[in-house]
Amino acid sequence: MTNPVEALAAGVMDPLGVRAVAKISTNVRVSATTGPLGIATDVLQFPGPNVMGNWIVPATRVRVQGIPVINAASVGVAINPGPPPFPSGPLTVVQPDQRVKAL
């Protein structure tokens, strides 16, 4: 079954429920209405010192520039190399683009 794709950095949450503020992406070819589609090599930045996230399980069949896209079922991890209280944990796509879907 297809799932909506991630296209907006602020549509991704870290383990504490904080939304991303920026997305570093190499995708310059494929966009949805809210922005460029998320791909597996994207790096997300969250507010706070050194908090970043990246994707480890992208979509399986849809690719942009040969790289799998990120959809609502994708799995990512947020990483804080500094001291607690920020835990490392899963990223969640909470605001995908409903008009574009991928498997």
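A polar contact is a pair of N or O atoms within 3.5 Å; within protein, one of the two must be able to donate a hydrogen and the other to accept it, and residues adjacent in sequence count only if both atoms are side-chain atoms. The structure discussed here is a predicted model, in which local features need pLDDT of at least 70 and side-chain atom pairs count only at pLDDT 80 or more, while totals for chains, interfaces and linings use all residues. Residues are numbered from 1 along each chain as its sequence is written, and side-chain values use heavy atoms, with hydrogens and water left out.

**Two asparagines in loops**

Asn 71 is found in the loop between strand E9 (67-68) and E10, where strands (E, at least two residues) and helices (H or I, at least four residues) are DSSP runs numbered from the N terminus. With 3% relative accessibility Asn 71 counts as buried, because buried means under 20% relative accessible area, exposed means over 50%, and partly exposed lies in between, with a 1.4 Å probe and protein chains only. Leaving aside neighbours within four places in sequence, Asn 71 is in contact with several residues, including Asn 3, Pro 4, Val 5 and Glu 6, contact being defined as heavy atoms within 4.5 Å.

Asn 27, placed in the loop between E3 and strand E4 (31-32), is also buried, with a relative accessible area of 5%. Not counting residues up to four places away in sequence, Asn 27 touches Pro 36, Leu 37, Ile 39, Val 64 and Gln 65.

| Side chain | Backbone atom reached | Distance |
|---|---|---|
| Asn 71 | nitrogen of Ala 73 | 3.1 Å |
| Asn 71 | oxygen of Ala 102 | 3.1 Å |
| Asn 27 | oxygen of Val 30 | 2.9 Å |
| Asn 27 | oxygen of Leu 37 | 2.9 Å |

Val 28 is found in the loop between E3 and E4, yet Val 28 is exposed, with a relative accessible area of 73%. The C-alpha atoms of Val 28 and Val 64 are separated by 9.4 Å, although these residues are 36 apart along the chain.

**A salt bridge**

Side chains of opposite charge can pair when their charged atoms come close. A salt bridge is a side-chain nitrogen of Lys or Arg within 4 Å of a carboxyl oxygen of Asp or Glu, and by this rule the count comes to 1 salt bridge. Glu 6 forms a salt bridge with Lys 23, their closest N and O atoms being 3.3 Å apart. This pair links distant parts of the chain, 17 residues apart, with Glu 6 in the loop between strand E1 (3-5) and strand E2 (12-13) and Lys 23 in strand E3 (residues 22-24). Glu 6 is buried, with a relative accessible area of 0%.

**Strand E7 and its partners**

Strand E6 (residues 43-45) and strand E7 (residues 52-57) run antiparallel and are joined by 3 bridges; two strands pair if DSSP finds at least two bridges between them. Leu 44 has Gly 53 in E7 as its bridge partner. E7 also pairs with strand E10 (residues 75-79) in the antiparallel sense, over 5 bridges, and there Asn 54 stands opposite Val 77 in E10.

Val 57 lies in strand E7 and, at 42% relative accessibility, counts as partly exposed.
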